Amino acid sequence: MKTETVRAGEFLVSEANGSRSRESVTLTGGPYLPGQVLGVVTASGKYTAYASGASNGTETAVAVLYGPADGSAADVSAVVIARDAEVSEALLTGADADAITDLAAAGIIPR
């Protein structure tokens with residue numbers, strides 16, 4: 001049986017016109033699939049998986065990865081949804097109640 005993963009942007013319900021919702025960032029860690037909830041490492045400014053129990057900045061969810069990316073061997077450039085969007089909560093990876101609250105504060109509204 002073949003299992004499909006989430007496709008780039010599949011988690012988006014709606015977003016602002018043009019590229020207003022998207023941002024290019026430096027991603028570390030991975031590999032990550034579209035819909036991965038991300039935080040920012042305060043010391044480096046690099047994005048990586050949201051981690052609720054962390055104390056390095058990644059305990060705050062700030063964005064959702066748009067497409068697949070792997071920064072495990074070396075940092076990579078990646079596109080994220082950072083504001084003005086609605087997303088399908090069911091298609092997000094790594095989201096807990098605190099992440100949902102953080103994302104909503106950033107203008108990323110889970111549905």
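Leaving aside its neighbours within four places in sequence, with which residues is Val-37 in contact? The close-ups below begin with that residue. The model is predicted, so local features are given only at pLDDT of at least 70 and side-chain atom pairs only at pLDDT 80 or more, whereas totals for chains, interfaces and linings use all residues. Residues are numbered from 1 along each chain as its sequence is written, and side-chain values use heavy atoms, with hydrogens and water left out.

**View 1. Val-37 and the nonpolar cores.** Beyond neighbours within four places in sequence, Val-37 is in contact with Thr-48, Ala-49, Tyr-50, Ala-61, Ala-63, Leu-92, Thr-93, Gly-94, Ala-95, Ala-99 and Leu-103, contact meaning heavy atoms within 4.5 Å. A second, separate core of 11 residues includes Tyr-32, Leu-38, Ala-63 and Val-80. The largest nonpolar core has 14 residues, and Phe-11, Val-37, Leu-92 and Leu-103 have the most contacts inside it. A nonpolar core is here a set of buried Ala, Val, Leu, Ile, Met, Phe, Trp, Tyr and Cys residues joined through side-chain atoms within 4.5 Å; buried means under 20% relative accessible area, exposed over 50%, and partly exposed in between, with a 1.4 Å probe and protein chains only.

View 2. Helices (H or I, at least four residues) and strands (E, at least two) are DSSP runs, numbered from the N terminus. In α1, residues 97-105, the buried residues include Ala-99, Ile-100 and Leu-103. They cover an arc of only 100 degrees around the axis, which puts them on the same side of α1, the arc being that of the directions from the helix axis to the C-beta atoms. The buried residues of α1 pack against β3, β5 and β8, while on the other side of the helix Ala-97, Asp-98, Thr-101 and Ala-105 are exposed. Asp-96 caps the N-terminal end of α1, with a side-chain oxygen 3.2 Å from the backbone nitrogen of Asp-98, and α1 is followed by Gly-107, whose phi is positive, near 90 degrees.

**View 3. Salt bridges.** A salt bridge is a side-chain nitrogen of Lys or Arg within 4 Å of a carboxyl oxygen of Asp or Glu, and by this rule the count comes to five. In one of them the side chains of Arg-83 and Glu-23 meet at 2.9 Å, N to O; because Arg-83 lies in the loop between β6 (69-81) and β7 (85-87) and Glu-23 in strand β2 (residues 22-32), the pair ties together parts that are 60 residues apart in sequence. Asp-75 forms a salt bridge with Lys-46, the closest N and O atoms being 2.4 Å apart. This pair links strand β6, which holds Asp-75, to the loop between β3 (37-40) and β4, which holds Lys-46, 29 residues apart.

**View 4. Thr-58 in its loop.** Thr-58 lies in the loop between β4 (47-49) and β5 (63-65) and is buried, with a relative accessible area of 2%. Its side chain makes a polar contact with the side chain of Asn-56 at 2.6 Å, a polar contact being a pair of N or O atoms within 3.5 Å of which, within protein, one must be able to donate a hydrogen and the other to accept it, residues adjacent in sequence counting only if both atoms are side-chain atoms.
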